Every structure is written in structure tokens, then in C-alpha cells.
Amino acid sequence: MTVEHPDHAPLDKTELARRVAADIPPGAYLNLGIGQPTTVADHLPADAGITLHTENGMLGMGRAARPDEVDPDLINAGKVPVIETPGASYFHHADSFAMMRGGHLDVCVLGAFQVSAAGDLANWHTGAPDAIPAVGGAMDLAIGAKQVFVMMTLFTRAGAAKLVRECTYPLTGLRCVSRVYTDHAVFAIGADGVSVEETFGLTLAELRSRLDVPVR
Amino acid sequence: MITAPDVDTALAGVADGATVLIGGFGAAGQPVELIDALRRTGARELTVVNNNAGNGDVGLAALLAAGQVRKIVCSFPRQSDSWVFDELYRSNKIELELVPQGNLAERMRAAGAGIGAFFSPTGVGTPLAEGKERRTIDGRDYVLEYPIHGDLALIKAHRADRAGNLVYRKTARNFGPVMATAATTTIAQVAEIVDIGELDPETVVTPGIFVDRVVAVGEREPGR
């Protein structure tokens, strides 16, 4: 059942981060990708018992460090200085990625260039011949976390939908995305296809007209 | 285990063409003093394994700039301050093997643990798995990944004792414990070397069996 908000403007970045944060289960072990997904942390309820994982080797990561708190040995995956929270732990890289691949991490939130109707993710490389490729932990996160949430704008600046039948950008992972949060709509991807949970700034009918993917 | 008097002594005897595992995630845990000593050995045609491909103009970036590295194996070369690598890559002066970060760690873990190869779910169906053997096990798809052995591992820990036991500091631990197991010769730079018995055995992260040389470089200089 889709909840339509045609009179609500498309979500801005803060509203989108808040919307994603509202869906993180209490008690979850959570990894937030570099960039916009990191801002989800600002909206997590303090009493929800959510533990942040950073793939460079820490559980219980806290907020960004203030200038007087900066420790060069304590950074997040985006190489930003952070603080530790009570109950934090440190571990080496093989253990950190075992937490993903081994199915111990509950949710990760990633950005994307494209998501396909089957849940394929493309978020590491534009495929441009002069681009220097860099993948980091994206492929491990995509197939490792129990649930992968994507957070992105629904359309490119040129107006092309980023929810597509088949990804044209190089893939990060196959059939791994379960939920897609965008400025215009929230989608759930299941074995039976794509359903729309909410729309913002347009109706479901208008949304359908702008997508090449069948949605319920 | 040998306590080396300085980094240049610790690095003596590095051969051209060596594969060198270098710890660190960005600047955290990067053994800058050891990398500088590696550069001073003049060893060439090196293969370097690191998560990144150098930051700014120091440490790994300086080694690259000196033209001593033939190939880099890493997960995330492109950064806002990776201009040294970017220039070498664009002018075809360095070879890049891009490896997903978790596969990079696990391939070294496998090398250190005597595992011949392993099937990883990471990268299945992506360009980074092209040409690799694929297998379905209990309904899940995997690709075959081989170990990465180093001739040399250069890592940074916080403290060592004279038996080579190491403790690390916060997220500077990152690849250090895994790389220490995966190389023929492992050299650790630390802030301080303490006497045997001064490290609580329960807190040792890398047992000294994996460490061949330690060298004290003192506390971090401001800005490092």
C-alpha cells in the first residue's frame, strides 16, 4: 500500500537521512557508507541501542571529533576523525570484513549510481575510460550485510531514473539491495518485484510515468 | 626477533622486485618512517600492497614518486590527495590491481594461515571477478581468490616488547595484524619497545612469532 504525498516537496537531504534513520531497527549493528549515508547517524535515536560499525576496524563509533578531540589513530572509513563511544571495540581488517561476509552486520546504507529492479547495485565506478577505479569495501558490504539500504536521488541531473531494469554502470553486487530511499519515493525490492511505500512531490501514477521499471 | 637500532638497519637487504605489504588505512597506521627507509634502500620494481595508493607527498606517495614501485595492489587508490598515484597511473607508469577491501584482507589472512585459496562471495557478477573461477555452494555464489604473500611486511604498532609481541592503538590497527602473518619478513615500527613481561599477555594482538624485527621511532610527530 503506497502512501502518496504529492503536496509534500521532494525530500531534502536532511529529511532523507531522517527517513532512512527511522527504518533502522533498534539494536542493529549498522554500517553507513561514505558521504551522504554518514549523515543518517545524526538522526538515530540515542536510546535505540544502534551500534555503528566502521570497516577500518571499530564497533561503537561515535560522532565526528571536535578539533580538540582529533586523534590521527581514530578515524572512520571516510578517513574523518571520530570519537569512540562507551562499549566500543577495535579489530583488524580480516575480522572487520568477516563481520560483513559472515552475516553479522544487520544493515548497511550505501549511495548508488543505479539500482536495478532485481536489487543489483552499481555504486563504485562510472565506467568512464579515464576514471581511476576505486572500490574500497563497497562490494563486501553489498553482499555481506543482512540488509542493504540505498540512499540516492531518484533522477540524475539530466533527468534519467537511477532505478532501472538493468544497471548499465559496472556492478557492485548482484541482488543485494532490499530498500531504496530517494527524494521522490521509498521503494522495497523483493522476489516479487518493486513496491512503492511512499511518494514525495508526486503521485504514484506520476512516478510510474517517469520510471522504466514496473512498480506496485 | 631482532630489535633494530634504527629504520635503515631494519630495512637492510631489500631486493629489487620484492612484494611489500604496507600497513595503514590512509594515514592511520601507515608506517611512514619504515616507508621512508624503504625508499632510501633504492630498491626498485617493487610490488606494494596497501589499502590506498598514497596520500599527499609523504610516506607511500613519496615512494611512488621516486619511481620505485612497478605495481600496486589496493582497494581504494583514488582520493582527494592521491595526486602522485593519479599522475603515474594516467601516464601508464604504474600497474594497478584493484581488490575489494575485504578480499584484500582475507587474501593476506589466507597467506598467513597456510590456506591455498578460498571462495569469497565478494565481487560475484562484477568486473573484478572476471576470469575467476566461480562456484555455487549451498545455493550461494562465490569466486575463487588466491592468497597474497609478501616478501616483506612493514607495519606500525603502538608498543612492542623485546619478544616482538605487539599492541596497537585504535583504528591504526587496521591491516597490521593480518599483514604481519603474511610476509616472509615482518618489520614493525612502534612508539616504544618495552622489556619482556611489561605487556599484559591478554592484550597482545600480534604474537611475536609473526614479527622478525621491531624498531622504535618514538611518538608521532605533530602533523604526521
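This briefing walks through a predicted model with chains A and B, from overall shape to single residues. As a predicted model, it has local features described only where pLDDT is at least 70 and side-chain atom pairs counted only at pLDDT 80 or more, while totals for chains, interfaces and linings use all residues. Residues are numbered from 1 along each chain as its sequence is written, and chains are lettered from A and ligands numbered from 1 in the order in which they are written.

**The two chains overall**

- Chain A has four helices and 13 strands; helices (H or I, at least four residues) and strands (E, at least two) are DSSP runs, numbered from the N terminus.
- The radius of gyration of chain A is 17 Å, close to the 17 Å that the globule rule gives for 216 residues, so chain A is as compact as a globular protein of that length. This radius is taken over C-alpha atoms, and the rule is 2.2 Å times the number of residues to the power 0.38.
- The C-alpha trace of chain A spans about 50 × 40 × 30 Å along its principal axes.
- In chain A, 45% of the 216 residues count as buried. A residue is buried if 20 or more other C-beta atoms lie within 10 Å of its own, exposed if 12 or fewer, and partly exposed in between, with C-beta atoms placed from the backbone.
- Chain B has six helices and 14 strands, and its C-alpha trace spans about 50 × 45 × 30 Å along the principal axes.
- The radius of gyration of chain B is 17 Å, which agrees with the value near 17 Å for a compact globule of 224 residues.
- Buried residues make up 54% of the 224 residues in chain B.
- Among contacts in chain A between residues at least 6 apart in sequence, 62% join residues at least 24 apart; two residues are in contact if their C-beta atoms, placed from the backbone, lie within 7 Å.
- In chain B, residues 24 or more positions apart account for 76% of the contacts with a separation of 6 or more.

**Where the chains meet**

- The contact takes 30 residues from chain A and 36 residues from chain B.
- On the side of chain A that touches chain B, the elements giving two or more residues are helix H2 (93-101) and helix H3 (138-144) of chain A. The largest share, five residues, comes from H2(A).
- That side of chain A divides into 17 nonpolar, seven polar and six charged residues. Here Ala, Val, Leu, Ile, Met, Phe, Trp, Tyr, Cys and Pro count as nonpolar, Asp, Glu, Lys and Arg as charged, and the others, Gly among them, as polar.

**Helix H5 of chain B**

- Helix H5 (residues 101-113) of chain B has 13 residues and reaches 18 Å from its first C-alpha to its last, close to the 18 Å expected at 1.5 Å a residue. The expected span is 1.5 Å times one less than the number of residues.
- Of the 13 residues of H5(B), 12 are buried, so the helix is largely enclosed by the rest of the structure. Among them are Leu104(B), Glu106(B), Arg107(B) and Arg109(B).
- The cover over these buried residues includes H2 and H3 of chain A, together with strands S2 (19-22), S6 (118-120) and S8 (140-145) and helix H6 (176-182) of chain B.
- Gly114(B), with a positive phi near 75°, follows H5(B).

**Strand pairing in chain A**

- Strand S2 (residues 29-32) and strand S3 (residues 51-54) of chain A run parallel, joined by three bridges; two strands pair if DSSP finds at least two bridges between them. Leu30(A) has Leu52(A) as its bridge partner in S3(A).
- S3(A) also joins strand S4 (residues 58-64) of chain A, antiparallel and through two bridges, with Thr54(A) opposite Met58(A).
- S3(A) and S4(A) form a hairpin with three residues between them, and Gly57(A) in the turn has a positive phi of about 120°.
- Another open sheet has three strands in the order S8-S7-S10 (chain A), with mixed pairing. Strand S8 (121-122) and strand S10 (163-164) of chain A stand at the edges, each with a single partner strand, so one side of each is left without a neighbour in the sheet.
- Strand S7 (residues 114-116) of chain A pairs with S10(A) in the parallel sense over two bridges, and Val115(A) has Leu163(A) as its bridge partner.

**Two loop residues in chain A**

- Glu69(A) lies in the loop between S4 and strand S5 (82-90) of chain A and counts as partly exposed, with 13 C-beta neighbours inside 10 Å.
- Asp183(A) sits in the loop between strand S11 (177-182) and strand S12 (185-190) of chain A, and is partly exposed with 19 other C-beta atoms within 10 Å.
- Leaving out residues up to four places away in sequence, Asp183(A) touches Pro10(A), Leu11(A), Leu16(A), Thr153(A), Leu154(A) and Phe200(A).
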